[in-house]
Amino acid sequence: MGAFIYKDLLVFWRNRKEILMALLLPILIIVILNFAFSGLFMDEKAIHIDVAVVQEDDLKKGKEQFAAAVEAKDLSSQEKNAVLAEAARIDPVQLIHDFLNSADMKEWVTVKDLSEREAAEQVKNGELDAIIKIPEGFTDDSLSRLLLGEPSQGSVSILAEEESREVSTLQEVVHNFVNTLNMQFALGSKGFQASSEPVLPQGGKEVVEGDDGADAYTISQYFTIAICTLFALFMAQTVALKTITEKREQVFNRILLTNRHPLFFLFGKTVSAFILACMQFMMTLAAVQLLLNVFPDKTITFWVGLVLVLMAFALTVGGLSALFTALTLHLSDSNAASGISTLIIMGFGALGGSFFPLEGLPEPIQKVGEWTPNGLTQTALIEWVQYSHLNDLMFPILFLAAVFIISFAISVSIFPKRGRS
Amino acid sequence: MLETVKLTKSFKDKKVVDEINLYLHAGESVGLLGPNGAGKSTTISMIASLIRPTSGDVKLDGKSTIQNPSDLRKVLGVVPQEIALYEELSAYENLKFFGKAYRVERERLEVRIQEVLDMVGLKDRQKELIKTFSGGMKRRINIAAALLHNPRILILDEPTVGIDPQSRNHILETVRELNETHGTTVLYTSHYMEEVEQLCNRVYIMDHGKIIATGSKEELMSILSSEDTIGVQLSKRSEAFTDKIKTLPDVLQVEQTKEGLRILAKKNHNLLSNLVHAAEKEGIQIMNYQVEIPSLEDVFLHLTGKTLRD
């Protein structure tokens, strides 16, 4: 059988176009998708911004104004005392200062306190990127909004000489912070702390999901797994469809005439597809890890689990390749065989979430998708990224092995027995 | 050695091969002639165990091969009409793959590959990819691949289609050598009558799925023993003159050629004086008049009413 496997691998290796399509294209697509969807250029480490905080607000005056406003309200004295006690604990200006000087923000923002005139001059000279202006009456306004539900009169504004990526990012971050602060008060979460997590843009590591104690997986990891499985399915077709040429050019008949059992031909295709899918996985993962560090800080156990699941999937690819090969020889019309295999692959690709995540689709479709070989592999690997529970890998591996056995059994049953038609 | 008994193949109720009986003695070189669609390739595929006959049998040394073609395949080499090779592999790699498939022992295979390459004259090109070869070179490797297991019987299905004269001569010489020196039994199909005449001791002529004549070259020629073929070269062409000749006594068929006319007439005819007389009347000069020795082509034309390349 070695001769058959070697022949198939050699034929594949000699076709430069196919090598490019099968081995380099997935890497290229993963890199492009990663750049396109993850905002790699927006890596927070690459951004640095110098800002001045111009404070026009007076805390004491603001608290007095707020106390007067509370007194004028139609509330019981008990309620008034409770609101004033809460207001005494909150310093909105200090919250913003603490936020801007938090460890996460310090990595990309340098803050200094300046007067408006000085700040404007430095922005004009290019020494500063932007000004965060805390307007007069901010304390009163914030407390009235947070504790009395009054409409906002004014808010923190960000001024800059020119619009830039850094300024936009700063605006987004500050507004997120203010909105979070408002929302938490609105929900009655009085235990708000300045150390609450700021919602930061996480360039290159956009979080797709992560709850119930699981590690988050990134969009890059999703693309890597999805594209790897999709291209492996294509590999099953690539190997199998060589049979069309072998049939048309009578090479298959010549092989039959050597008196070898025809199943050797089928075994050759199956094992070749398995080996090529494994090679494809290894090359893609190595390249993507090297270029994008898609799976950072992962343990050996993680990599072993990943390889085990992918090898089980490669086995399924071998089984599908056998099925497509047998179909090609079974059907008199090679185009029909090619059409059926394309339909199966595209169906698996779409249902299994290799083209797009299934989260947005109706529940029944998601359920069906999870039972496709690629869908199950993706789900298993994403859970492996999140939870790393070794037990969770058992079912997918067994399921993929079962798909291989069923595909191969069907292939053998429809494969020409002795070359007689 | 190898024979077919009432070999028949039908596709959708249409008989493509109709009760063919043919045999090959050991060491013989036999030609199978027929126009396109005559059923030659289907016959060969059935003999080679690639297509199951609708009825009839293929026997090797008196034993049926239909149920178990294994013994036949061991002694049979088939050169298909198509280039049944991997274009992406070199000549050597192709031969090595097919040699291994034939289970030729490793050490023996290396020797055998060089032998067959030498036989087809491509030893010095063995490392080159098939896709870089000319059509003729590909056909030579196509033959080499069928010889790896040293077959006793070699079936060649139009092995010289569309190739240069040099490769064609090489292939003919190879087949002749295999038959005469190595004693290989050959079944050769071709469109080219001269190849069959040159190589084969016996010929089967097929048309519409049936064998319409068989025998040695001489035996087939004798079919035309009651007729003569006459080539006439004329100073100019004239439809009126051709029509006139058709009406002459003893003339069976008249065909216009580039030089003049080709006339099929009864043996012992008295055509020349009538021809001269008719030419004078039309003002045409007879430049040459030759009674031709009949060829297999003439036999074929006589039997089927068409030429081999029709």
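Chain B and chain A bury about 2,800 Å² between them, and 54% of that is on carbon and sulfur atoms. Buried area here is the accessible area (1.4 Å probe) that two parts lose on being put together, summed over both. In chain B, L50(B), R73(B) and Y86(B) lose the most area to chain A, together 25% of what that side buries. The interface joins 37 residues of chain B with 24 residues of chain A; contact means heavy atoms within 4.5 Å.

This is a predicted model, in which local features need pLDDT of at least 70 and side-chain atom pairs count only at pLDDT 80 or more, while totals for chains, interfaces and linings use all residues. Residues are numbered from 1 along each chain as its sequence is written, chains are lettered from A and ligands numbered from 1 in the order in which they are written, and side-chain values use heavy atoms, with hydrogens and water left out.

Start with chain B. Its domain assignment gives domain 1 (2-221) and domain 2 (225-304); such bounds come from an automatic or database domain assignment. The centres of these two domains of chain B, taken over C-alpha atoms, are separated by 39 Å. In chain B, 13 residues of domain 1 touch nine residues of domain 2. About 940 Å² is buried between the two domains of chain B, with 80% from carbon and sulfur atoms. On the domain 1 side, M193(B), I205(B) and M221(B) lose the most area, together 52% of what that side buries.

Now chain A. Its domain 1 (2-40 + 212-414) is written in two segments, and its domain 2 covers 44-202. The C-alpha centres of these domains of chain A lie 52 Å apart.

The unreviewed UniProt entry annotates "transmembrane region" at residues 20-42, 222-241, 262-288, 300-324, 336-356 and 393-415 of chain A. Such annotations may be inferred rather than shown by experiment. Residues 262-288 of chain A are 96% helix and 0% strand, with end C-alpha atoms 39 Å apart. Residues 300-324 of chain A are 100% helix and 0% strand, and their end C-alpha atoms are 36 Å apart. Helices (H or I, at least four residues) and strands (E, at least two) are DSSP runs, numbered from the N terminus.

Two helix pairs come next. Helix α13 (residues 300-330) and helix α16 (residues 373-387) of chain A cross at roughly 175 degrees, and their axes come within 11 Å. Axes are lines fitted to C-alpha atoms, for helices over the stretch in contact, and angles run from 0 to 180 degrees between N-to-C directions. So α13(A) is roughly antiparallel to α16(A), a label for angles over 145 degrees. Residues in this contact include F302(A) and F313(A) of α13(A) and L381(A) and W384(A) of α16(A).

Helix α10 (residues 219-248) and helix α14 (residues 334-351) of chain A pack at about 175 degrees, with axes 10 Å apart. That makes α10(A) roughly antiparallel to α14(A). Among the residues that meet are L230(A) and K247(A) in α10(A), and S334(A) and F348(A) in α14(A).

Notes:
Parallel < 35°, antiparallel > 145°, perpendicular 65-115°, else oblique.
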